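Subject: Model handover

Hello,

Here is the model you asked for, with the sequence. My notes come after it.

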Amino acid sequence: MKYTSALLFGSGFLISLIVGWFLFPAALYRSEPQPIQFNHKIHTGEKGGMACTECHTTDDAGKFQGIPRIAKCAECHAAPLGESDVEKILVEQYTTPNQEIPWHVYSRQPDNAYFPHASHTTLGKMKCVECHGDHGNSESLEVYQVNRISGYSRDIWGKNISGIQSQPWEGMKMDRCVRCHAERSRKDGCIACHK
Amino acid sequence: MNSLSEKKSRYGMVIDLDKCNGCGACSIACTIENNVPPAELKANKRSGITWIQIHTVSNNEQYPNGDAVFIPMFCQQCENETPCMTVCPQNAVDIDPSTGIVGQIPQRCLGCRYCMTACPYHARYFNWWDPQWTEGMMKQLNPEVAPRMRGVVEKCNFCHARLHAARTKAAANGESEINPEDYIPACGESCPSKAITFGDLSDENSEAAKLSKEKNTFRFLSRLGTEPKVYFHSERTWIKDMAEKALTRTRMEEHHG
Amino acid sequence: MQKSLTRRDLLKFAGGSALGLLFTPLPWKLLDDSAIWTQNWALTPKLSHGPITTKFSSCTLCPAGCAVKAHCVDGLPFRLTGVHHHPMSNGAVCARGLAGHHLAYHPLRMTIPHKFSGRSAESRLIPYTLNNSIKEISAAIDSAQGSVVILDQSPNRTSSIIFKQFTEKLQNGIYATLSSDEESTLLALQEMFDEKNISLGYDFEKTEMIVSFGAPLLDGFGTPGLMTKLYNERKTSRKKFIQIESCQSRTALQADQWIPIKPGVEGIIALNIAFVLLNEIKLHNQNSNGAKDISEYKKNLKNFIPERTEHATGIQPGVIRKLALDLASARSSIILGGADPGGGSFGKETEKAIAGLNLILGNVGKSGAITERKNENVQAEPWPKIPDHSISVLIMDSYETGYAVPWQLIEQKLIPDNNIVVTLLPYLNEISAHTDYIIPTTTYYESVRDIPTPAGSPVNTFAISQPLLPKPDGTIEETEFISQVASVLHMDFTIASAEERIKEKVNSIYSTKRGKLFSFSDGQSKPLIDISTANDFYSQLLDGATWIDEKASKNLVKKFSLKADIIAQPSSQDRLLLIPFGWRGAVSSSSLSPIMSKLFQESELRENANTVLMNPQTIADAKLNETQNAILETKSGSMPVKIKSSNTVPLNVIYIPVGPLPNGSPSKAYLNNLNALSMCEVKSDGTWRITNAAIRNQTV
Amino acid sequence: MDKFLIPRGLQRTSFPKFLLWIIPWMMLLSFGLYAIYLCLAEGLNHTNMDNRFAFGLWIYLDLTVIALGAGAFFTGFLLYIVNRKELKAVINSAVVIGLICYSGAVLVLMVDVGQPLRAWFTFWHPNTHSMLTEVTFCLTCYLTVLGIEYAPILLKNRKLRQIPKFLVFEFELHKLMPVLAGIGTLLSFFHQGSLGGLFGVLRGRPFAFREELGIWPSTFFLFVLSAIAAGPSFVLFTTWLVQKITRKQLVQPSVLKFLGKISGILLIIYILFKSIDTLIWINNTSPSTGFPAFEFYERTSFGTWILFTEIGFLGLIPALLLASKRMREKPAVLVAAAVMVCGGVMVNRFVMTIQTLALPTLPFDQFLSYAPSWEEIAAFLFVVAYGVLLYSFTFRYAPIFPQERELNFLSAQQIEIERTPLEYSSKGSRVLAALANKFTSLRSLW
């Protein structure tokens with residue numbers, strides 16, 4: 001009898017923990033499939049043997065172009081090279097009608113973030129892997145998850161809801177940039193990276 | 001590591017008021033460059049967002065002896081005890097140590113408007129309305145400047161996005177210094193009468209630095225001691241006196257005998 | 001034993017869960033995400049991530065045709081800038097031009113044909129099909145008692161040629177143009193010569209002295225970039241700017257000398273100067289003997305001895321003598337007048353008087369003054385020459401010229417209550433609101449357009465404006481419309497597409513082998529002969545280039561007359577005078593990007609349509625006070641206005657801006673009859689500069 | 001029907017009458033709520049503030065109510081730390097008033113900022129140089145303190161006292177009071193000061209800018225002084241008002257006199273410093289920035305009269321009145337003087353906020369005017385209504401005034417004669433008359 005209050009209190013406590021740690025993340029993110037199951041491995045592996053920068057180019061002004069436009073795909077995939085269904089979809093739905101592929105970008109930063117790839121790769125000699133992980137060797141695209149409230153890709157916060165990340169490339173929030181810049185004792189104003 | 005910020009520049013501007021004929025091109029170029037929305041129906045001179053407000057200032061002489069100048073007024077990029085920066089409660093305003101440009105981060109701003117009360121030049125603007133463009137204009141926004149949301153403060157930052165572009169370009173070529181020609185704010189670029197000279201004031205040979213030291217170059221409210229980095233130039237002495245409140249100084253002397 | 005939960009137990013449970021939540025990411029993540037939501041919510045637009053490219057084109061917003069560099073994202077322009085080192089535009093684009101790419105998305109834009117239910121302010125605008133409009137218009141042309149007129153407001157385009165050919169095919173057709181006020185002095189000059197169809201231009205660059213009667217040289221005249229360049233270089237090039245104007249305009253403020261005068265006495269002053277030049281000064285290059293009527297001209301000048309007209313002009317004779325002396329001693333000079341985009345020209349006679357000074361000083365046909373250029377104009381009937389009440393069908397190609405046209409000026413030529421007016425214009429504005437049909441043409445940067453020689457240019461030039469924006473369905477090229485009408489009327493008349501016509505033009509230029517080509521991309525010019533083929537020439541023009549002809553070298557020795565009928569009386573000063581003024585391009589509600597509200601609504605840099613400028617003294621005399629709402633009255637009617645006190649305007653004058661209303665789209669009523677222009681009375685000589693007016697307190 | 005909630009031995013009006021009293025306030029509350037909704041949902045274009053008048057009615061009132069609310073911490077300070085036992089009579093009331101003022105201010109502030117959801121950034125990325133950061137921190141902390149101080153008052157409620165745990169809790173809280181009073185005093189000192197600093201640091205606004213003493217501009221200390229001077233006066237006034245409205249003797253007259261005395265003495269000190277500060281400003285601070293002080297008064301509708309009203313008429317005069325024993329004896333004078341003190345502080349805050357913003361800094365600029373929109377006023381009325389309601393409920397269900405019972409024991413027994421509202425007004429309470437016309441009988445209302 002005298003334990004009831006403790007019991008009630010405890011159960012409330014426990015339920016909250018379950019809600020907060022498991023139900024909440026499930027509810028917070030909405031999953032959206034990628035339009036095409038792109039296989040990096042085929043392109044970068046010994047089969048394709050391409051470097052990241054062959055498709056992920058920069059323009060004359062040095063601006064990084066992100067995911068290549070359909071024209072780039074069409075260079076090779078104007079007609080099917082193989083038998084895969086994925087490629088069939090690519091050719092039929094996109095390259096032939098010259099339709100841009102509506103990719104979901106895992107690492108898409110908000111409009112007010114200015115991230116010059118050139119400063120980091122060309123000047124800073126950083127590797128793509130350092131921020132994007134071994135994305136280049138992935139066989140398929142993991143499902144894209146978007147935060148229902150903030151509209152950010154889940155990869156910006158990182159897979160782990162607690163915000164504590166196991167891998168150095170997980171999580172792409174500002175504090176990560178700040179940490180790295182601080183380690184290199186750079187003195188920057190906010191507008192150095194915000195637009 | 002990228003050593004862009006190792007060289008300390010102090011970007012500034014000199015505006016030749018004798019050349020300015022108040023055509024408004026700078027104001028429009030600025031508005032377009034920085035994705036400032038068109039005036040809301042109810043907006044007016046006091047509630048609108050026009051980063052470069054061009055004031056027509058007359059010496060108040062009677063016709064036909066009057067004289068007037070056009071004064072483009074915008075953020076003067078104060079360097080000393082920057083009024084807006086020191087008051088912002090959450091560091092939404094700061095001076096970039098590598099450029100001396102006073103930056104405003106609308107996404108950090110909570111819209112308390114304390115910085116606006118602090119600014120002696122009234123060069124900060126609050127988004128009283130949600131920004132609105134016509135459907136087609138929405139697709140014509142400058143992709144290098146983030147639009148602001150309702151309820152935050154914004155202001156001139158010397159078209160910082162253009163500095164970004166210049167830096168990207170330099171970095172892509174493996175250079176750590178930007179080419180000065182790559183970085184000119186929209187107002188300076190668009191001015192048909194070339195009245196605006198922009199440059200690095202800490203670089204002795206830059207045109208801006210030279211002009212800023214000329215005899216008839218002055219700054220507004222310089223006696224507040226905020227060390228603005230926007231200079232004005234005019235042969236007309238009356239505007240110089242007005243700007244520096246030299247007249248009030250003499251009036252003070254009369255006042256105290 | 002049974003125990004039911006009490007309220008207190010529930011409290012315990014709640015307490016527990018509350019505490020529990022604090023040990024989960026939930027509250028903190030929600031706090032963070034909600035803040036981020038405010039940064040990315042749908043109320044603020046998202047930016048495009050497409051590739052950034054640049055294209056070159058030329059601005060078609062006014063005849064100047066400045067070179068433009070367009071920065072595009074996903075192929076759509078987001079920023080327009082000038083082209084550095086361009087021989088004419090000199091890297092500059094005016095405020096209006098900088099926002100030109102917005103105009104396609106103007107609130108008053110129309111993309112389908114419309115018909116008005118009537119002419120009155122109450123008449124409604126009804127969406128209409130193109131076919132029906134064309135049928136009805138063709139029928140009207142067929143059954144026209146009066147003349148069928150095409151009024152071309154930006155002449156000498158390749159489209160103009162089509163208009164001319166079309167009207168020639170009709171037995172009662174007339175191809176007419178309304179001269180832009182910029183060239184009014186030149187046109188007057190051309191008329192003074194016996195030999196017709198010569199075309200003239202100002203050689204501002206080499207001249208020593210520019211005397212302007214109210215021409216806004218530094219506020220939207222010619223090519224802005226060029227005028228400001230000349231102004232800034234005037235110290236080194238020893239150029240003098242002299243402004244003779246009643247109000248202290250932007251140009252007057254900046255000019256080396258401003259001579260304030262009473263309104264409407266420009267002609268008298270011109271003749272004053274002429275008198276001094278011909279009677280008191282020994283002109284080294286005496287040119288006036290070319291004049292047939294020199295003797296009676298001189299005799300008439302006796303009425304214009306500066307002392308005699310001093311009361312009328314309000315200028316001391318000394319000032320005039322000094323000016324005359326300067327002119328006589330200057331190696332070369334240009335004297336021009338008129339050209340207020342809102343106020344219109346001074347009228348033929350005054351313009352002649354002003355133009356005559358150039359003849360007396362031998363400025364005409366001289367490098368560094370007024371030079372002749374090869375005439376490639378499409379010959380047209382000047383609008384004023386068309387008899388009143390004679391037009392039964394009027395087709396206006398109101399492709400914006402940047403200059404105001406009062407509706408009364410159009411109306412007086414129409415056969416009353418039996419006429420059809422069609423505007424080929426993609427906007428509802430002060431002109432099109434009066435018409436019967438609005439046929440939406442493509443607008444700026446939506447189609448290939450040719451840039452003919454700008455008014456007043458000393459040499460012939462040619463450029464092509466390449467489209468930057470998609471052409472909306474429902475819009476139609478003005479010439480396409482003409483050809484459809486022609487086919488309905490079964491005229492044997494095939495019309496080439498815009499590209500083809502421009503190609504033809506390009507070929508004809510190429511065949512001359514004259515002049516040089518300035519390329520926008522590299523800022524280099526090369527002689528035309530160095531270009532291998534005509535197609536190559538065309539493609540270069542399309543990618544952004546301007547062709548510049550050689551200067552015509554030959555000197556004009558022609559017979560001319562100096563006669564100008566000026567009465568040595570000023571306009572009556574017993575009442576207040578209403579004088580409209582404007583800013584080139586900003587004289588209608590439609591021709592401005594919504595962004596221009598920054599200048600008109602969010603600042604006082606430019607007065608918007610319902611604000612009048614008055615001298616503080618005049619305001620006091622009228623028992624009014626500043627920023628007060630008042631009623632402005634003229635013969636034509638009355639309209640509410642805001643008063644703004646200004647020391648730049650003379651006594652007893654009300655300066656009313658011809659411009660857009662603040663706060664968005666104007667009402668039909670405003671467009672129809674409540675705007676500045678409709679307040680002005682159009683005189684018999686087609687001028688509307690000065691109107692007697694009264695202003696009173698709103699409440700009274 | 002709510003008898004079981006009403007403190008023992010205290011007489012409160014019947015529930016329907018009480019309902020009659022709160023309904024109009026409830027309506028006002030919801031009206032204000034609507035205005036607040038508009039501002040939050042559609043943006044601050046519902047206010048008449050603009051880029052040049054970036055602060056308006058709301059900031060002005062925030063400063064004012066916080067100054068008046070200072071009574072809470074200062075009474076606490078005097079009672080628990082200086083150990084002036086007689087103030088026990090008003091401490092609860094002071095705390096409730098304080099809570100109302102501060103929570104109200106914070107509430108309005110949340111509407112005033114353009115992006116309330118980001119307000120917490122101030123705690124996450126604070127700019128330590130900003131006076132506003134100081135204000136935000138102290139305000140929120142002190143609000144919590146007030147909450148804790150308010151709890152025991154609530155727990156005195158008869159029903160809640162039946163819960164033994166709460167009884168113990170309340171007892172413990174009481175032991176805690178001196179500590180809380182100490183913290184409260186510290187916090188209040190900082191935020192009251194920072195509110196002054198808020199304007200004193202405005203280098204770009206020579207009308208408000210003041211020289212620094214140590215790390216703070218002089219206005220920092222002036223605000224603290226004026227606040228603690230006005231606080232007691234406001235407590236005095238409110239207590240008197242409650243007595244009038246409830247037609248009950250709630251505290252010994254001596255207590256009010258004592259409050260008046262404190263107020264008077266502190267105000268004299270304040271006026272002294274304020275005058276010195278003003279003189280330094282006129283002769284040194286302002287002219288050195290190119291703005292001769294006389295210009296401020298000559299080019300605007302706010303002539304020097306406002307300066308004299310602030311320091312003289314609403315400063316020195318009430319100060320002297322309250323300081324002199326003879327004057328304090330006259331209840332009318334006492335209350336009037338207290339009201340004047342509060343008025344003086346209001347004028348001071350008005351000058352610092354509104355007049356500062358109305359004055360142009362650029363030489364070619366004009367003097368600006370500003371009038372609040374109905375939404376701004378409604379939002380303020382919301383706070384007023386909220387205050388009245390919170391106080392009414394607390395007063396009804398918790399014994400705020402310890403002395404009330406013995407003071408009203410007799411009067412509770414005796415049968416009173418019905419009086420007409422007019423007679424109340426003859427008692428000198430205009431407010432009462434107004435209310436009396438609204439309701440049939442105010443005496444029985446409570």
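First, the conventions. This is a predicted model, in which local features need pLDDT of at least 70, side-chain atom pairs count only at pLDDT 80 or more, and totals for chains, interfaces and linings use all residues. Residues are numbered from 1 along each chain as its sequence is written, chains are lettered from A and ligands numbered from 1 in the order in which they are written, and side-chain values use heavy atoms, with hydrogens and water left out.

Chain A

Chain A holds nine helices and two strands. Helices (H or I, at least four residues) and strands (E, at least two) are DSSP runs, numbered from the N terminus. The order along the sequence is α-β-α-α-α-α-α-α-β-α-α.

The C-alpha trace of chain A spans about 75 × 50 × 30 Å along its principal axes.

In chain A, 32% of the 195 residues count as buried. Buried means under 20% relative accessible area, exposed over 50%, and partly exposed in between (1.4 Å probe, protein chains only). Chain A exposes about 11,500 Å², and 62% of that comes from carbon and sulfur atoms. These areas come from the Shrake-Rupley method with a 1.4 Å probe; for residues, only the protein chains shown count as cover.

Taking contacts in chain A between residues at least 6 apart in sequence, 63% join residues at least 24 apart; a contact means heavy atoms within 4.5 Å. The 21 positive and 21 negative charges of chain A have mean positions 9 Å apart. Lys and Arg count as positive and Asp and Glu as negative, while His and the chain ends are not counted; each charge is placed at NZ of Lys, CZ of Arg, CG of Asp or CD of Glu.

Chain D

Chain D has 17 helices and two strands. The C-alpha atoms of chain D fill a box of roughly 70 × 55 × 45 Å along the principal axes.

Of the 446 residues in chain D, 59% are buried. The accessible surface of chain D is about 17,900 Å², with 72% belonging to carbon and sulfur atoms. For contacts in chain D between residues at least 6 apart in sequence, 78% join residues at least 24 apart. The mean positions of the 37 positive and 25 negative charges of chain D lie 12 Å apart.

Sheets in chains B and C

In chain B, four strands make an open sheet in the order E8-E1-E10-E9, with mixed pairing. Strands E8 (196-200) and E9 (217-218) of chain B are at the edges with a single partner strand each, so one side of each has no neighbour in the sheet. Two strands count as paired if DSSP finds at least two bridges between them. Strand E1 (residues 11-16) and strand E10 (residues 230-233) of chain B pair in the parallel sense over four bridges, and B:Met13 has B:Val230 in E10(B) as its bridge partner.

In chain C, five of the five residues of strand E9 (residues 209-213) are buried. In a regular strand the side chains alternate between the two faces of the sheet. On one side of E9(C) are C:Met209, C:Val211 and C:Phe213, on the other C:Ile210 and C:Ser212, and all are buried. E9(C) runs parallel to strand E12 (residues 333-337) of chain C, joined by five bridges, with C:Ser212 opposite C:Leu336. Five bridges also join E9(C) to strand E10 (residues 240-245) of chain C, again parallel; there C:Met209 has C:Lys240 as its bridge partner.

Two residues

A:Tyr114 sits in the loop between helix H5 (85-95) and helix H6 (117-123) of chain A and is buried at 13% relative accessible area. Leaving out residues up to four places away in sequence, A:Tyr114 touches residues of chains A and B, among them A:Cys193, A:His194, B:His164 and B:Arg167.

D:Met131 lies in helix H5 (residues 131-155) of chain D and is buried, with a relative accessibility of 6%. With the residues up to four places away in sequence not counted, D:Met131 touches B:Tyr114 as well as residues of chain D, including D:Leu198 and D:Trp216.

Regards
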